[in-house]
Amino acid sequence: MPAGLKTVILLSFVLAVGFLLIILSCALWANWLPLLVALTFVLAPLPNALFAHCGGDDFSSHDSSGPVDLGRFLTSIVVVTGFALPVVLTHSEVVRPGACVMSIIGGALVYGTILAYSAVFRQDDEYD
């Protein structure tokens, strides 16, 4: 099923809600540190995107090469940082618990939207 206009509208709406939650978590409590969550979740897919094409096609059909695994590892570090940063800031009483919850939910929505967009609009490089 090809991705249509409804898919783009749904993904943009979810992305806007995610960014709205992150910005509200900052603005409602007058502390702009949870905005770092948006930065981490926007940058999270970058290592996967950079290292995805480094895998060799000569030995196996699955992506188990060193550079691809490194990209996945770096992506997982950034994603865990995105979830852990608000919790650490809440534990140290720099950020309120409500801001922590809102920024985690908003960050998960942003990262999920980026993953869904890349999955829906992926172009296969194979020429069949």
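**Notes on the predicted model**

1. Buried residues make up 26% of the 128 residues in the protein, where buried means under 20% relative accessible area, exposed over 50% and partly exposed in between, with a 1.4 Å probe and protein chains only. The model is a predicted one, in which local features need pLDDT of at least 70 and side-chain atom pairs count only at pLDDT 80 or more, while totals for chains, interfaces and linings use all residues. Residues are numbered from 1 along each chain as its sequence is written, and side-chain values use heavy atoms, with hydrogens and water left out.

2. The protein has five helices and zero strands, and its pattern along the sequence reads α-α-α-α-α; helices (H or I, at least four residues) and strands (E, at least two) are DSSP runs numbered from the N terminus. Of the contacts between residues at least 6 apart in sequence, 68% join residues at least 24 apart, contact meaning heavy atoms within 4.5 Å.

3. Helix H1 (residues 5–27) packs with H2 at an angle of about 150°, their axes being 8 Å apart, and this makes H1 roughly antiparallel to H2. The axes are lines fitted to C-alpha atoms, for helices over the stretch in contact, with angles running from 0 to 180 degrees between N-to-C directions; angles under 35 degrees count as roughly parallel, over 145 as roughly antiparallel, 65 to 115 as roughly perpendicular and the rest as oblique. On the H1 side the contact involves Phe19, Ile22, Ile23 and Cys26, which meet Leu35, Ala38 and Val42 in H2. The residues of this contact of H1 with H2 divide into seven nonpolar, no polar and no charged, where Ala, Val, Leu, Ile, Met, Phe, Trp, Tyr, Cys and Pro count as nonpolar, Asp, Glu, Lys and Arg as charged, and the others, Gly among them, as polar.

4. For helix H4 (residues 66–91) and helix H5 (residues 97–120), the axes come within 7 Å and cross at roughly 165°, and H4 and H5 are therefore roughly antiparallel to each other. Their crossing is right-handed, a crossing being left-handed if the near helix is turned anticlockwise from the far one by less than a right angle, and right-handed if clockwise. From H4, the residues Thr75, Val79, Phe83, Pro86, Val87 and Thr90 meet Pro97, Cys100, Ser103, Ile104, Ala108 and Tyr111 in H5. By class, the contact of H4 with H5 has nine nonpolar, three polar and no charged residues.

5. The axes of H2 and H5 come within 9 Å and cross at roughly 20°, and the two helices are therefore roughly parallel to each other, with a right-handed crossing. Val37, Phe41 and Val42 of H2 make this contact with Ser103, Gly107, Ala108, Val110, Tyr111 and Ile114 of H5. Here the division is seven nonpolar, two polar and no charged residues.

6. Which residues make up the largest nonpolar core? There are eight in all, namely Ile22, Val37, Ala38, Phe41, Ala44, Val79, Val110 and Tyr111, such a core being a set of buried Ala, Val, Leu, Ile, Met, Phe, Trp, Tyr and Cys residues joined through side-chain atoms within 4.5 Å. The elements giving two or more residues to this core are helix H2 (35–43) and H5, and H2 gives the most, with three residues. Ala44, leaving aside its neighbours within four places in sequence, is in contact with Thr75, Val78, Val79 and Tyr111.

7. Not counting residues up to four places away in sequence, Ser103 touches Ile22, Ser25, Pro34, Val37 and Pro86.

8. Ala30, in the loop between H1 and H2, has a phi near 55°, a positive value in a residue other than glycine, and counts as exposed at 66% relative accessibility. Glu93, in the loop between H4 and H5, has a positive phi of about 60° although it is not a glycine, and Glu93 is exposed with a relative accessible area of 71%.

9. Leu20 is placed in helix H1 and counts as partly exposed at 48% relative accessibility. Leu20 and Met102 are 82 residues apart in sequence and 9.4 Å apart in space, C-alpha to C-alpha.
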